[in-house]
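This report describes how two protein chains meet and how one of them is built. Look at the structure first, then read the sections in order.

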Amino acid sequence: MNGRVFALLRRDLARLLLGGRGGGAMLPVLFFLSVAMLYPFAVGPDAPLLARTGGGVIWVAALLAAILPLDRLVEPDIELGMFDQWALRGISEEMVIAVRVIAHWLSFGPPLMLAALPAAALLGLDGKTLRVVEIGLLAGTPGLAALGVTVAALTAGLRGGAALSGLLVIPMAVPVLIFGAGSLGTGGASGLALTAAASLVLIAIAPFAGGAAVRAARG
Amino acid sequence: MLFSHLSLALNAGEALQVAGHNGIGKSSLLRIIAGLAPAFAGSVSVEGTVGLLDELPALDPALPLGRALAFWRALDGLAEGGQAGDELDRLGLASLLDVPVRYLSTGQKKRAALARLLGQKARVWLLDEPLNGLDGHAVELAETITAQHCAAGGIAVIASHQTFRLPAMRMLPLSDFAVREQAA
């Protein structure tokens with residue numbers, strides 16, 4: 001069983017992290033950095049304003065970057081018949097989805113946390129704010145990954161599924177965003193704890209909701 | 001509703017061809033046997049592992065064929081290189097292992113899917129239009145491989161409108177069980 005989990009994870013990481021034609025982890029990171037770069041251009045070189053709002057911009061950019069790979073998460077495997085073959089081998093949809101949440105997080109969570117360093121420099125954030133942003137991203141991005149995989153499974157096979165999944169993720173990501181970005185204002189641990197709690201709920205739901213969605217899509 | 005009152009039992013070593021025109025439900029019957037689709041009524045019981053070969057190759061299009069097959073070998077618990085090289089040779093795939101799956105022709109993909117099925121070592125084979133896209137030589141090869149599978153105590157259910165030559169194969173004309181459309 002462990003060997004199978006490992007084989008699934010290795011394949012998911014090769015597809016999502018390294019990417020091949022899909023761009024892998026590079027695309028969300030570059031998107032994230034370009035948003036962080038554009039923001040000072042848009043609001044002007046007002047250093048106090050940038051420092052005050054920069055943390056929130058990083059959060060919005062992270063959320064939008066997490067949406068980018070959604071259409072590659074579940075649908076291709078349904079179309080290829082991978083889920084059929086896994087089911088025949090006794091590998092449940094729940095397990096595949098759980099592994100995919102891990103792989104999806106690894107392919108955008110840590111890279112975004114790294115990219116937040118240059119982004120913070122671009123926005124002129126101080127060290128304390130940056131620390132809260134980084135801890136917040138560590139607590140919040142797993143939830144965003146779980147949410148992304150769940151919604152990708154729900155919209156797999158629908159016409160315009162990619163656009164629809166983006167629209168569905170944004171409102172459901174609001175709790176993570178409020179607590180995550182909110183902890184910047186208070187600077188407190190309570191906001192980060194609530195971010196982590198919202199993340200955990202999403203992670204706990206994802207394998208079951210996603211697995212049921214894949215079975216429904218298979219028909 | 002596609003068909004009703006259908007009852008069949010297959011013992012080790014037996015093969016069955018499900019025949020019938022397009023859209024009559026051959027693929028649906030196979031997916032019901034595989035447990036991938038629910039039957040509206042009735043039950044299916046299968047002893048042993050089930051392998052399915054249908055129009056979906058289930059091989060990553062971006063990967064070289066060798067690595068795409070290696071993924072399934074790992075899942076099926078075969079050691080690296082566990083699939084006998086002569087098996088790939090026999091299927092004419094040995095020279096294609098470095099070619100990305102998306103560049104393979106329909107027939108080559110079908111043969112690759114056959115290699116995946118062989119590696120699974122499943123007891124029950126469900127073959128959905130296994131001869132689609134295969135040339136004359138490959139058709140014979142697929143028939144020989146299936147015959148050997150049955151001779152070794154395996155079961156094969158073949159859904160095809162083409163002739164599939166197997167010794168002592170039973171036929172199931174699905175049209176006999178088709179549910180007639182009720183006139184409104």
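## Where the chains meet

In this predicted model, Arg31(B) and Asp84(A) form a salt bridge, with their closest N and O atoms 3.0 Å apart. Between chain A and chain B the count is three salt bridges. There are also seven residue pairs in polar contact between chain A and chain B, both residues of a pair being at pLDDT 80 or more.

On the side of chain A that touches chain B, the elements giving two or more residues are helix H1 (2–18), helix H4 (75–80) and helix H5 (82–88) of chain A. H5(A) gives the most to this side, namely six residues. Sorted by class, the side of chain A that touches chain B holds nine nonpolar, three polar and eight charged residues.

## Size of the contact

The size of an interface is often given as the accessible area lost when the parts come together. Between chain A and chain B the buried area is about 1,900 Å². Carbon and sulfur atoms give 58% of that area. Chain A brings 20 residues to the contact, and chain B brings 22 residues.

## The fold of chain B

Chain B contains five helices and five strands. Followed along the sequence, these elements of chain B come in the pattern β-α-β-α-α-α-β-α-β-β. Among the contacts in chain B between residues at least 6 apart in sequence, 73% join residues at least 24 apart.

How does the radius of gyration of chain B agree with that of a compact globule? A compact globule with 184 residues would have a radius of gyration near 16 Å, and chain B, at 17 Å, agrees with this. The C-alpha trace of chain B spans about 55 × 35 × 30 Å along its principal axes. Of the 184 residues in chain B, 50% are buried.

## A buried threonine

Thr146(B) is part of helix H5 (residues 136–151) of chain B. Is Thr146(B) buried or exposed? Its relative accessible area is 1%, and the cut-off for buried is under 20%, so Thr146(B) is buried.

A polar atom of the Thr146(B) side chain lies 2.7 Å from the backbone oxygen of Ala142(B). Leaving aside residues up to four places away in sequence, Thr146(B) touches Trp125(B), Leu127(B), Ala156(B), Ile158(B), Phe164(B) and Leu166(B).

## Two positive phi angles

Ala58(B) is not a glycine, yet its phi is positive, at about 55°. Ala58(B) sits in the loop between strand S2 (50–53) and helix H2 (65–75) of chain B. Because its relative accessibility is 0%, Ala58(B) counts as buried.

Lys121(B), also a residue other than glycine, has a positive phi near 55°. The loop that holds Lys121(B) runs between helix H4 (106–120) and strand S3 (124–128) of chain B. Is Lys121(B) buried or exposed? The cut-off for exposed is over 50%, and Lys121(B) has a relative accessibility of 57%, so Lys121(B) counts as exposed. Ala58(B) is thus a buried loop residue, whereas Lys121(B) is an exposed one.

Notes. Residues numbered from 1 in each chain as written. Chains lettered and ligands numbered in written order. Predicted model: local features only at pLDDT ≥ 70, side-chain atom pairs only at ≥ 80, totals over all residues. Heavy atoms only, no water. Contact = heavy atoms within 4.5 Å. Buried area = accessible area lost by both parts, 1.4 Å probe. Salt bridge = Lys/Arg side-chain N within 4 Å of Asp/Glu carboxyl O. Polar contact = N/O pair within 3.5 Å; in protein donor to acceptor, adjacent residues only side chain to side chain. Helix = DSSP H or I, 4+ residues; strand = E, 2+ residues; numbered from the N terminus. Nonpolar A, V, L, I, M, F, W, Y, C, P; charged D, E, K, R; others polar. Rg over C-alpha atoms; globule rule 2.2 N^0.38 Å. Buried < 20%, exposed > 50% of the residue type's maximum accessible area, 1.4 Å probe, protein only.
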